[in-house]
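User: Could you take me through this model and tell me what backs up each label you use?

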Amino acid sequence: MANKPGGWLGKLSSLIIPPSQTDTRSTSTVTNKRILDELIASFEDSLHRESFGTSLLFNAHFLIIMHPDIYEERQNAFPVVVNEAVEAFKAIIDSHKSQYGRVSPVASSWFFKFGAGQEFNGEPVGPTELKVIGALTGILPGNGPAGVAAEKVNVTRRVKQTNRYEKVDVDIHAFQHIDFREPGAFVVKFNFDSPVTIAAQAPVSVPLRGAPAAAPLPRSIDAGLAQISFYIAELNKEDTYLMRDREIVVARKEPDNQHFPNYLLLESAYVSNPHARIRYNDSTHSFQIASFSRNETRVNEHLIARSEPANPQWLDLPDKAQILLNSMVTLHFQRNF
């Protein structure tokens, strides 16, 4: 992995070794600094690759995959790594503003997801391996055009044969071996003029430099942020889903989306894929819902407008609410804190 984040503060090394070619072969231990350096290298490579004209464009979403033993060893430091990474990203952006003039990200927030796994895309993930996958915006299904099933996702990752970051298509099923169930997701809203504010999936015991107090959350991720009980009329089936992630996707159960832990999957032909998303909004300390289905979605009998997955129109979701999907599937939403 990158021994030094090439070029982000105009260091001399960037003139000799481009950031996408930084040598990492001598690194054998996954340290906090190594994770940070690799995130910076990935980000800087994407900035040079994606920016054009007067627009400064870059990856905003990152998946960081490591061996389960290393994940457990490093997880308490994840919020601090994220804090340092975002500060470094902002410094890099500031250094390029005069060249491009305008910051034009596709996403609205930085997103970091740490996951444990022993294999990714046919390659083993050993105790000394670290894989950082970057994308302009959401990598998971449901972020593309409506009605289009994603088989591959276009991401930036370091290719082993060349030891360089390259834009590649990765089969969506490559992610099914990675365990993303542990708390390890961080969302940081874009704000290039103030200190970092991190929203984590789970409570964070490590203080974050410059971050205000977070909204109250359950002490244990096992308690869940909300509980959603549902009834599928066509099957006369009912069940309960515990919302542990800050944002979930409500979708029809299909083979290509069964391995994503933040999906509420419903076995119904009357449910779209995706049908809706539910999220916790840190700024308002409330839950919100957005509908993407061409069939109707109602909250407490009120019809809500449809929006595109890439541009969700969020509606406040009451603490106790009935959500009706296409008049056939009923969800009862209740927050847990």
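Analyst: Of the protein's 337 residues, 50% count as buried, where buried means under 20% relative accessible area, exposed over 50%, and partly exposed in between (1.4 Å probe, protein chains only). This is a predicted model, in which local features need pLDDT of at least 70 and side-chain atom pairs count only at pLDDT 80 or more, while totals for chains, interfaces and linings use all residues. Residues are numbered from 1 along each chain as its sequence is written, and side-chain values use heavy atoms, with hydrogens and water left out.

User: What makes up the secondary structure of the protein?

Analyst: Four helices and 22 strands.

User: Which residues touch the most other members of the largest nonpolar core?

Analyst: L39, I64, W110, F112 and F114, out of 35 residues in that core. The elements supplying at least two residues each include α2 (32-50), β4 (109-116) and α4 (78-100). The largest share, 10 residues, comes from α4. Apart from this core lies another, of 26 residues, among them A226, I248, I278 and F333. The term stands for a set of buried Ala, Val, Leu, Ile, Met, Phe, Trp, Tyr and Cys residues joined through side-chain atoms within 4.5 Å.

User: Why are β13 and β19 said to stand at the edges?

Analyst: Start with the order of the six-strand open sheet, β13-β12-β22-β21-β18-β19, with antiparallel pairing. β13 (237-243) and β19 (302-303) each have a single partner strand, so one side of each has no neighbour in the sheet.

User: What makes β18 and β19 a pair?

Analyst: Two strands pair if DSSP finds at least two bridges between them. β18 (residues 297-299) and β19 have two bridges, in the antiparallel sense, so they meet that cut-off. In β19, H302 is the bridge partner of V299.

User: What is the order of the open sheet of five strands?

Analyst: β15-β14-β16-β17-β20, with mixed pairing. Here β15 (263-266) and β20 (315-317) are the edge strands, because each has a single partner. β17 (residues 286-291) and β20 run antiparallel and are joined by three bridges, with F287 standing opposite L317 in β20.

User: Why is N300 called partly exposed?

Analyst: Its relative accessibility is 32%, so it falls between the buried and exposed cut-offs. N300 sits in the loop between β18 and β19, and its phi is near 50°, a positive value in a residue other than glycine. H285, in the loop between β16 and β17, is also partly exposed, with a relative accessible area of 40%. The phi of H285 is near 55°, again positive in a residue other than glycine.

User: What is the peptide bond from N273 to P274?

Analyst: That bond is cis, with omega near 0°. P274 lies in the loop between β15 and β16 (276-281). Most residues other than glycine have a negative phi, and most peptide bonds are trans.
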